[in-house]
Amino acid sequence: MPVSVTAVPCLSDNYTWLLQDEATGAVAVCDPGEAGPAIAAVERIGRPLDLILLTHHHGDHVAGVAEVQARCGGRVVGAAADAHRLPRLDQAVRPGETVALGGSRAAVIDTPGHTVGHIAFHFPEGGVLLCGDTLFSLGCGRLLEGSAAQMFESLRRLAALPEETLVCCGHEYTESNARFALTVEPGNEALIARAAEARAQRAAGRPTVPTTLAQERAANPFLRAPDVARLAAIRTAKDNFR
Ligand SMILES: [Zn+2]
């Protein structure tokens, strides 16, 4: 049975993700960087919260955890390797382990690069990937702690998931990512189409995500980089892009 997923905008450009296991109704949120929007989303469903999933320790992904848990319940799940700098974890997980949401299970994937302890959650039945600040639509996370080699391996792991996988990332960066991506691959038709789609989505006040892995494989220059050197070069160019 699938897992349904909804983007909940918070802060200036973050997304908390609301998930529901359709077989059991079990509910999760991922990366509540702000309590209010996450609580409102859970209360609209009208069930207690089962899980609070955390991809990494940055404040814009975890600042709402204590208040959400106090109000809605939910077990806090995050990387064992980063337990010392995450909110108090009820379940510390390691890459390769799984997390149950009702009748569905998410695989924990190691995705260092943006931070060294960053993880992603993949629900294979629902085709849902919660990838935090590792993979964005048309972009990837800044290398704040990890190396380009680590990010390359992390992106390769995510790119290997089924092409229909919904990519649920941590930020609404698609339009600005598109401007840079078009300087890297100006003739890429899939990228040109995706940039136009994102512009229309934002003009209509809608999120540009989730996107699909198929779309990112076709249009995202970071996911398409053939080797570490190329990824490092475009990551540096993006850091300096205005
Ligand atoms: Zn971050």
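How many bridges join strand 3 to strand 4 (residues 51-53)? There are 3, and the two strands run parallel. Strands here are DSSP runs of E with at least two residues, helices are runs of H or I with at least four, and both are numbered from the N terminus. Two strands pair if DSSP finds at least two bridges between them.

Quick housekeeping before I go on. This is a predicted model, where local features need pLDDT of at least 70 and side-chain atom pairs count only at pLDDT 80 or more, while totals for chains, interfaces and linings use all residues. Residues are numbered from 1 along each chain as its sequence is written, and side-chain values use heavy atoms, with hydrogens and water left out.

OK, back to strand 3. Its Cys30 has Leu53 of strand 4 as bridge partner. On the other pairing, strand 2 (residues 14-21) and strand 3 (residues 27-30) go antiparallel over 4 bridges. Leu18 sits opposite Val29, and Leu19 sits opposite Ala28. These two strands make a hairpin with 5 residues between them, and Gly25 in the turn has a positive phi of about 85°. Now look at the side chains: Val27 and Val29 point one way from strand 3, Ala28 and Cys30 the other way, and all are buried. Buried means under 20% relative accessible area, with exposed being over 50% and partly exposed in between, using a 1.4 Å probe and protein chains only.

Zoom out, and you get an open sheet of 6 strands in the order 1-2-3-4-5-6, with mixed pairing. Strand 1 (3-10) and strand 6 (91-93) are the edges; each has a single partner strand, so one side of each has no neighbour in the sheet.

Next, the helices. Helix 1 (residues 35-45) and helix 3 (residues 65-72) pack at about 30°, axes 9 Å apart. Axes are lines fitted to C-alpha atoms, for helices over the stretch in contact, and angles run from 0 to 180 degrees between N-to-C directions. That makes the pair roughly parallel, a label for angles under 35 degrees; over 145 is roughly antiparallel, 65 to 115 roughly perpendicular, and the rest oblique. Helix 1 brings Ala35, Ala38, Ile39, Val42 and Glu43 to the contact, and helix 3 brings Glu67, Val68, Arg71 and Cys72. Contact means heavy atoms within 4.5 Å.

Last stop: Leu158, in helix 4 (residues 148-159). Leu158 is buried, with a relative accessible area of 0%. Beyond four places in sequence, Leu158 touches several residues, including Ile109, Leu129 and Leu213.
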